[in-house]
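Welcome! Take a moment to look over the sequence and the 3D view, and then follow the tour below.

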Amino acid sequence: MGGNLTLMNGQYYVYILTNKNRTTLYAGVTNDIHRRLYEHKNGVGSKFVKKYGLHELVYFEVYDSAYAAIAAEKKIKAGNRARKIELIVKQNPGWKDLGGSI
């Protein structure tokens, strides 16, 4: 899971990262998207993200509870690649890196 989540109310993010070639997708959840993106870009935390160079934020959702965010992350992770791509294209048809927009 992305970062330490408290189960208090606040903002929680479910996100999908990819690499430059869009060959690998990674779904995560965090309560601090800016910190988590910094960690991912600097090789801290997820070994999977570091191994595949997943530094482009191409999808995110915002939730008011950790429970809802974790449930959404599990649903995304359970889906196949086509479903993940469908989510991304619906929100971000150009697959732009959204890291600077939140």
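Let us begin where helix H4 starts: there, a side-chain oxygen of asparagine 80 comes to within 3.2 Å of the backbone nitrogen of alanine 82. Keep in mind that this is a predicted model. From here we look along the helix, and then turn to the aromatic rings.

**Helix H4**

- Helix H4 covers residues 81-91, and its buried residues are Lys84, Leu87 and Ile88.
- Viewed down the axis of H4, these buried residues fall within an arc of 95°, so they line one face of the helix.
- Which elements cover the buried residues of H4? Among them are E1, E2, strand E3 (56-63) and helix H3 (66-78).

**Aromatic rings**

- You can find three aromatic pairs in the structure.
- In one of them, the ring centres of tyrosine 15 and tyrosine 26 are 6.3 Å apart and the planes are at 50°, so this pair is tilted.
- This pair links distant parts of the chain, with tyrosine 15 in strand E1 (residues 12-18) and tyrosine 26 in strand E2 (residues 25-30), 11 residues apart.
- Tyrosine 15 is buried, with a relative accessible area of 0%, and tyrosine 26 is buried too, with a relative accessible area of 13%.
- Ring pairs join Tyr15, Tyr26, Phe48 and Tyr52 into a cluster.

Methods: Residues numbered from 1 in each chain as written. Predicted model: local features only at pLDDT ≥ 70, side-chain atom pairs only at ≥ 80, totals over all residues. Heavy atoms only, no water. Phe/Tyr/Trp six-rings, centres within 6.5 Å; stacked < 30°, edge-to-face > 60°. Helix = DSSP H or I, 4+ residues; strand = E, 2+ residues; numbered from the N terminus. Buried < 20%, exposed > 50% of the residue type's maximum accessible area, 1.4 Å probe, protein only. Arc of directions from axis to C-beta. Contact = heavy atoms within 4.5 Å. Polar contact = N/O pair within 3.5 Å; in protein donor to acceptor, adjacent residues only side chain to side chain.
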